[in-house]
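Please read the points below alongside the sequence and the structure.

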Amino acid sequence: MYPASSVSKTPAVFSQRPDSKRAWMLLALLLLLSLPWVSAQAGQPFLWQLEHNGRHHYLFGTIHSGHPELNQLPESVEQAFNQSDRFYGELELDPQTLQTTQQLLQLPPGRKLSSSLPPKLRQRSNQELARINPNLNLALFERLKLWAFTVALTLIEDQLNYSQQPAMDQRLYQRARQSGKETGALETPQQQIGVFEQLSFAEQIAMLEATLESLAQQTPNNSWMQQTYAAYRSGDPDQLNALFETQWQLDDKILQKLEQGLIDDRNRLMAERIEEELQQHPQQSLFIAVGAAHFGSDNGVQALLANKGYHISRVVD
């Protein structure tokens, strides 16, 4: 664990070691963004039951963080996980997939992030990093693509505090493998980050500028991550999605592009993949774990599956 006030060395997430642990941490930075900023033990867990051919299957909304409190799963989630036969996450979190993801986040050899930034933006980035923690600077992120650096900026607080703790998705994946469950993925790394790769350089610059401006206005007790943790506790999918637009003061076209690519398009893909797996494994119970933002009431994964005729119900503790 690296508390923001006492980092004495470069955290593993910012090091240059190309190992699977660093790949997962970089991946966690990306994944948490798809949870558009959510108050929760007071609320109900993000858990839905799907009935099909006399069997119960489960859809669970995760938070891609190692926060210890949030990783204490409610009893209903534990029961659903334990009685399932197969586990599916957004990605298969095996070493090969993590390595692929790491490569997709990085610039080609010989290129540096700082070289692509205008001088004033480079200076602002270094100033904000130093404000977050004196041991941070732009040189630690030189291998990241511009959009990946912006995503990383928004999640530094979580990584400084919980980088040594597995994120919820990774914990569930590891438990599934250890218990002998079959595991699978609803997406590929390329599908997951596709929307960022489609952003123009000008749009990526605008996203970084908006992020720096928003971070500068935060207070320790009301940061992005504090809002995210509180929102996840609420158990309210709509609260998650409502907060998405308030965190980034971006041009409407860019914001709509991000929301379409990060949430709407991926929700449709996930619903299609879940239906495929239900048909291919009619005698087994599935446990699906994806970011909680994918369960918004109108176009969430559970709503799309309900529209296909499946019986979906919220599990209440």
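1. Helix α8 (residues 189-197) packs against helix α12 (residues 252-280) at an angle of about 160 degrees, and their axes lie 9 Å apart. Because of this angle, α8 is roughly antiparallel to α12 (angles over 145 degrees count as roughly antiparallel, under 35 as roughly parallel, 65 to 115 as roughly perpendicular and the rest as oblique). Axes are lines fitted to C-alpha atoms, for helices over the stretch in contact, and angles run from 0 to 180 degrees between N-to-C directions. Helices (H or I, at least four residues) and strands (E, at least two) are DSSP runs, numbered from the N terminus.

2. The model is predicted: local features need pLDDT of at least 70, side-chain atom pairs count only at pLDDT 80 or more, and totals for chains, interfaces and linings use all residues. Residues are numbered from 1 along each chain as its sequence is written, and side-chain values use heavy atoms, with hydrogens and water left out.

3. On the α8 side, Gln191, Gln192, Val195 and Phe196 take part, and they meet Lys257, Leu258, Gly261, Leu262, Arg266 and Leu269 in α12; contact means heavy atoms within 4.5 Å. The residues of this contact comprise 5 nonpolar, 3 polar and 2 charged (Ala, Val, Leu, Ile, Met, Phe, Trp, Tyr, Cys and Pro count as nonpolar, Asp, Glu, Lys and Arg as charged, and the others, Gly among them, as polar).

4. Six strands form an open sheet with mixed pairing, in the order β4-β3-β5-β2-β1-β6; two strands pair if DSSP finds at least two bridges between them. At the edges stand β4 (182-185) and β6 (311-314), each with a single partner strand, so one side of each has no neighbour in the sheet. Within the sheet, β2 (residues 55-62) and β5 (residues 286-291) run parallel and are joined by 5 bridges. Leu59 stands opposite Ile288 in β5.

5. How does α12 lie relative to the strands? Helix α12 lies across β1 (47-52), β2, β3 (86-89), β4 and β5, and runs at about 170 degrees to β5.

6. Helices α5 (residues 119-132) and α6 (residues 146-162) have axes that come within 11 Å and cross at roughly 10 degrees. These two helices are therefore roughly parallel to each other. Ser125, Leu129 and Ile132 in α5 meet Phe149, Leu153, Ile156 and Leu160 in α6, a contact of 6 nonpolar residues, 1 polar and no charged.

7. Helix α6 also packs with helix α9 (residues 201-216), at about 15 degrees and with the axes 9 Å apart. The angle makes α6 roughly parallel to α9, and their crossing is left-handed. The residues of this contact divide into 10 nonpolar, 4 polar and no charged.

8. The count of aromatic pairs is 9 (rings of Phe, Tyr and Trp, its six-membered ring, pair if their centres lie within 6.5 Å; planes under 30 degrees apart count as stacked, over 60 as edge-to-face and the rest as tilted). Trp48 and Phe295 form a stacked pair, 4.7 Å centre to centre with 10 degrees between the planes. Trp48 lies in β1 and Phe295 in the loop between β5 and α13 (301-307), so the pair ties together parts 247 residues apart in sequence.

Methods: A crossing is left-handed if the near helix is turned anticlockwise from the far one by less than a right angle, and right-handed if clockwise.
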